Amino acid sequence: DPVLLWFRQDLRLSDQAALAAAISEGPVIPVYVLDDEAPRHWAMGGASRWWLHHSLKALDDSLRARGSRLILRRGKSADMLAEIAKATGASRVHGLHHYEPWWRNAEKSVARLLDLQLHDGGLLLPPGAVRTGTGGMYRIYTPFSRAVMDHMPPAPPHPAPHAIDAPARWPDSDALDDWRLLPTRPDWAKGFAKDWTPGEAGARRNVAAFIDDAGDYPVARNLPSIEGTSRLSPHLHFGEVSPAYVWHRVTSSSHDATIFLKELIWRDYAHVQICELPTYGSANARDSFDALPWRDLREAGADFTAWKTGTTGYPIVDAGMRQLWATGWMHNRVRMIAASFLIKHLLIDWRHGARWFWDTLVDASYANNSVNWQWVAGSGVDANLFTRIMAPLSQSEKFDAADYIRQWVPELAGLSDAAIHDPDAHDARPNSYPAKIIGHREGRERALNAYRQMKP
Ligand code: FAD
């Protein structure tokens, strides 16, 4: 009998334990189910859909090169898999573990109908593989990271198979174009293709390109004006490359990759947190933050719009928000600055910001997005202090963002390095660029006041 291979956020053929297991059992029917119901509020956002379209296309091409193909269905995962199983005589499903709450629910439903076999490989270590002295899950990053390091390196990655046995008869498949994952009018994603090549081959090219620069990462990663990071986040999110593969490739170079590897471990950490606290994306991990008097969006709506559209009058924030809109990605340092500005200077609930990121990031990840937003807000299990308020203008100077601002805020391109971070202070603001929507000191005071009103 054929076996089903259930693809989700693991759109690759190499180092794919579910594929390896399926191949060893018989003809394989690779399936991707688009289920917009189960995640409800967290159905994939617009930028992620753009990515998904291209990644599925790339996966189907690679499968076809090996004598196979990708079957597409839209609906409830369990229903669709059961339907295909019935039509083809399959009873077993192989897949990788995923930890978003809606995936864990879907797994339970599938397991009620079919023989579901789940495998590891989406993270460096499956959640629970390392535990604290008392047997619990780590809630603090640093000891977690140390414990993970003790188990590294991960097992060496497996190459993709050369051929995949096809079933005697293929079940019906939707046509990818009918899913309309790509934006039509206006085509806000027209700039994406310049920056990104979704799919396994593009992911591997990014890994290879990064290895040459890995030695500069400890310093370069903080400088938004240069391409100093791996830009692997969407590839990792969609599982086009395994973290084990990235680990082995990066440590095979002559550079000390420790700092980079620790970032990769943040991804594992975030996934452990959503396992422990599935509501991480919608509820404060620290209850005390439920009492923080955020501004109501009816009052703060114009400020929220200014943030989303990159017109706050803070050049570093605006550059980041425009980079996000144009490319589906934002530099990590700038994500922190922009998030902090929304939460503290504008006193807008982190959940509104996280939601905007969810829709606009090509790497939008329930774990990474939620955990990082709550880290910035101070409401997370392991978090920055709310009262540590980032000064966007000095961050911009400190991390040398002048060229980054020139690229994304062209109205300011003619300003000097000295003036560009804070044009108002240098009397250099062109009319085409907005004045600050709130002063730094004023925003800071308001945030600290709100924090004081929170119950202890
Ligand atoms: P690199 O610096 O090259 O890091 C390599 C990989 O490590 C990344 O691809 C990513 O998978 C992982 N990583 C790095 N930093 C973090 C981190 N802080 N937390 C978790 N994993 C990390 N990352 C996402 O993948 N999806 C998100 O939705 C997301 N939302 C964020 C929201 C906010 C407010 C902030 C501050 C950060 C967010 N990040 C998110 C984390 C980080 O900004 C991105 O992973 C990083 O910028 C991606 O670029 P890169 O691949 O070049 O990173």
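I call a residue buried if 20 or more other C-beta atoms lie within 10 Å of its own, exposed if 12 or fewer, and partly exposed in between, with C-beta atoms placed from the backbone. Helices (H or I, at least four residues) and strands (E, at least two) are DSSP runs, numbered from the N terminus.

**Entry 1: ground rules**

I'm working from a predicted model, where local features need pLDDT of at least 70, side-chain atom pairs count only at pLDDT 80 or more, and totals for chains, interfaces and linings use all residues. Residues are numbered from 1 along each chain as its sequence is written.

**Entry 2: strand β2**

I started with β2, residues 28–34. How many of its residues are buried? I found six of the seven buried, so β2 is largely enclosed by the rest of the structure.

Next I looked up who pairs with β2; two strands pair if DSSP finds at least two bridges between them. Strand β1 (residues 3–7) pairs with β2 in the parallel sense, over five bridges. Two of the residue pairs I noted there are Trp6 with Val31 and Leu5 with Pro30. Strand β3 (residues 71–74) also pairs with β2 in the parallel sense, over four bridges. There I wrote down Tyr32, whose bridge partner in β3 is Leu72.

**Entry 3: the whole sheet**

In what order do the five strands lie? I read β3-β2-β1-β4-β5, an open sheet with parallel pairing. The edges are β3 and β5 (115–119), each of which pairs on one side only. Direction ignored, neighbouring strands are turned by 30° against each other on average. For angles, axes are lines fitted to C-alpha atoms, for helices over the stretch in contact, and angles run from 0 to 180 degrees between N-to-C directions.

**Entry 4: helices around the sheet**

I then followed the chain from strand to strand. A crossover is right-handed if, with the strands pointing away from the viewer, the path from the first strand over the helix to the second runs clockwise. By that rule β1, helix α1 (residues 17–23) and β2 make a right-handed β-α-β unit. I got a right-handed unit for β2, helix α2 (residues 46–64) and β3 too.

Helix α3 (residues 77–88) lies across β1, β2, β3 and β4 (92–96), and runs at about 150° to β2. For contacts, I count two residues whose C-beta atoms, placed from the backbone, lie within 7 Å.

**Entry 5: α11 against α16**

At what angle do helix α11 (residues 258–276) and helix α16 (residues 366–377) pack? I read about 90°, with the axes 8 Å apart. That makes α11 roughly perpendicular to α16; angles under 35 degrees count as roughly parallel, over 145 as roughly antiparallel, 65 to 115 as roughly perpendicular and the rest as oblique.

From α11, Arg267, Ala270, His271, Gln273 and Ile274 meet Tyr366, Ala367, Asn368, Ser370 and Val371 of α16. By class, I have five nonpolar, four polar and one charged residues in this contact. Ala, Val, Leu, Ile, Met, Phe, Trp, Tyr, Cys and Pro count as nonpolar, Asp, Glu, Lys and Arg as charged, and the others, Gly among them, as polar.

**Entry 6: helix α10**

I checked α10 (residues 243–251) for burial, and Pro243, Ala244, Tyr245, Val246, Trp247 and Val250 came up as buried. The cover over these buried residues includes α7 (200–213), α9 (233–237) and α11.

In α7 I also looked at Ala209. Ala209 counts as exposed because it has 12 C-beta neighbours inside 10 Å. Ala209 and Trp356 sit 147 residues apart in sequence and 30 Å apart in space, C-alpha to C-alpha.

Most residues other than glycine have a negative phi, and most peptide bonds are trans. So I went looking for exceptions.

The peptide bond from Met152 to Pro153 is cis, with omega near 5°. Pro153 is in the loop between α5 (141–150) and α6 (192–195). Arg180 is in the loop between α5 and α6, and I read a positive phi for Arg180, near 50°. Arg180 is exposed, as it has 10 C-beta neighbours inside 10 Å.

Asp400 has a positive phi as well, near 55°. I placed Asp400 in the loop between α17 (392–398) and α18 (402–408). With 15 other C-beta atoms within 10 Å, Asp400 is partly exposed.

**Entry 7: Ala401**

Ala401 is in the loop between α17 and α18. Is Ala401 buried or exposed? I found 28 other C-beta atoms within 10 Å, so Ala401 is buried. Leaving out residues up to four places away in sequence, Ala401 touches Pro224, Ser225, Ile316, Ala319 and Ser396.
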